Amino acid sequence: MMKSVAVIAATLATASAFAPAQIGQSSTQLDAFQNELGAQAPLGFFDPLGMLDDADQARFDRLRFVELKHGRIAMLAFLGQITTRSGHFFDGNIDYSGHAFSSYPSGLAAIFGDDAIPKAGIQQILAFIGILELAVMKGIDNDQGNEFVGDFRNGKFVNSWNSFDDATKMRKRAIELNNGRAAMMGILGLMVHEQLGTDMPIIGQL
């Protein structure tokens with residue numbers, strides 16, 4: 001249960017980046033961020049934890065970077081959960097010992113349960129994440145021509161992205177941002193209900 005509480009707290013911390021304005025917040029701050037991507041109907045600029053009090057653009061960009069990254073991870077996690085729980089796995093074995101992909105449980109049980117992925121498998125996953133962090137997910141502060149916070153193209157797919165007009169680009173970025181927010185709530189719900197042993201619609205017993 002403590003793991004679920006920790007995850008909820010972490011997600012609330014990132015939520016304030018996208019997030020009506022707090023009483024007492026200066027008009028200068030509102031002018032700075034109320035038109036940012038993600039400050040949209042029905043809530044507008046929403047910062048319930050006050051994490052942007054007296055913040056500058058760099059602080060906002062850092063929170064947006066974290067929010068986008070968490071949202072993308074959550075989208076993958078949520079899809080992975082509903083895919084494997086519906087009985088869809090990769091064919092074949094996950095290792096040379098003959099363990100099938102379907103032999104491991106879904107959700108938190110795959111990491112912390114009695115039938116969890118072996119330690120070496122977890123280490124490989126962490127190593128892969130490290131490579132992505134160091135070599136791919138560099139954000140906007142690099143010389144690869146990335147245009148905005150969360151742009152990880154690193155010089156790739158330039159023509160396909162530039163084929164859209166500015167309004168379409170903003171719409172697609174807003175869609176990704178909102179889908180990521182929904183996915184963070186979705187995967188948190190699945191993790192909490194897994195600990196509670198809830199029988200969920202469609203995906204069954206967690």
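Helices and strands are taken here as DSSP runs, numbered from the N terminus. In this predicted model, the protein chain holds seven helices and two strands, and their order along the sequence is α-α-α-α-α-α-α-β-β. Of its 206 residues, 32% count as buried. The accessible surface of the chain comes to about 12700 Å², and carbon and sulfur atoms account for 62% of that surface.

Just after helix 3, Gly87 takes a positive phi of about 95 degrees.

Side chains of opposite charge can pair when their charged atoms come close. A search of the whole structure finds five salt bridges. One of them joins Arg181 to Glu67, with the closest N and O atoms 2.7 Å apart. This pair links distant parts of the chain, since Arg181 is in helix 7 (residues 166-196) and Glu67 is in helix 3, 114 residues apart. Arg181 has a relative accessibility of 11% and therefore counts as buried. Glu67 is buried as well, with a relative accessible area of 1%. Salt bridges that share partners join Arg64, Glu67 and Arg181 into one network.

A further salt bridge is formed by the side chains of Arg72 and Glu176, at 2.5 Å from N to O. Arg72 lies in helix 3 and Glu176 in helix 7, so this pair ties together parts that are 104 residues apart in sequence. Arg72, at 23% relative accessibility, counts as partly exposed, and Glu176 is partly exposed at 26%. Glu194 and Arg85 also form a salt bridge, their closest N and O atoms being 3.6 Å apart. Here too the link is between helix 7, which holds Glu194, and helix 3, which holds Arg85, across 109 residues. Glu194 counts as buried at 12% relative accessibility, and Arg85 is buried at 18%.

Met75 lies in helix 3 and is partly exposed, with a relative accessible area of 23%. Met75 and Ile187 are 112 residues apart in sequence, yet their C-alpha atoms are 8.0 Å apart in space.

Six aromatic pairs are found in a search of the whole structure. The ring centres of Phe33 and Phe60 are 4.9 Å apart and their planes are at 10 degrees; the pair is stacked because planes under 30 degrees apart count as such. Phe33 is in helix 2 (residues 27-33) and Phe60 in helix 3 (residues 57-85), 27 residues apart, and the pair links these distant parts of the chain. Phe33 counts as buried at 2% relative accessibility, and Phe60 is buried at 1%. Phe33, Phe45 and Phe60 form one aromatic cluster.

Phe65 and Phe152 form an edge-to-face aromatic pair, 5.8 Å centre to centre with 85 degrees between the planes. Phe65 belongs to helix 3, whereas Phe152 is in the loop between helix 5 and helix 6 (158-162), 87 residues away. Phe65 counts as buried at 15% relative accessibility, and Phe152 is buried at 16%.

Rings also meet charged side chains. The charged end of Lys172 sits over the ring of Phe164, 4.8 Å from its centre. Arg173 lies over the face of Phe148, at 3.9 Å from the ring centre.

Two sites with exposed residues remain. Asp54 lies in the loop between helix 2 and helix 3 and is exposed, with a relative accessible area of 74%. Most residues other than glycine have a negative phi, but phi of Asp54 is positive, near 60 degrees. The other site involves Leu126, in helix 5 (residues 119-136), which is exposed at 54% relative accessible area. Ile125, Leu126 and Ile129 make a nonpolar surface patch of about 280 Å².

Definitions and conventions. Residues are numbered from 1 along each chain as its sequence is written. This is a predicted model: local features need pLDDT of at least 70, side-chain atom pairs count only at pLDDT 80 or more; totals for chains, interfaces and linings use all residues. Side-chain values use heavy atoms; hydrogens and water are left out. Patches are made of residues with over 30% relative accessible area and no salt bridge: like charges are joined within 9 Å, nonpolar side chains (Val, Leu, Ile, Met, Phe, Trp, Tyr) within 5 Å. Accessible areas come from the Shrake-Rupley method with a 1.4 Å probe; for residues, only the protein chains shown count as cover. A salt bridge is a side-chain nitrogen of Lys or Arg within 4 Å of a carboxyl oxygen of Asp or Glu. Helices (H or I, at least four residues) and strands (E, at least two) are DSSP runs, numbered from the N terminus. Buried means under 20% relative accessible area, exposed over 50%, partly exposed in between (1.4 Å probe, protein chains only). Rings of Phe, Tyr and Trp (its six-membered ring) pair if their centres lie within 6.5 Å; planes under 30 degrees apart count as stacked, over 60 as edge-to-face and the rest as tilted. A charge sits over a ring if NZ of Lys or CZ of Arg is within 6 Å of the ring centre and within 35 degrees of the ring normal.
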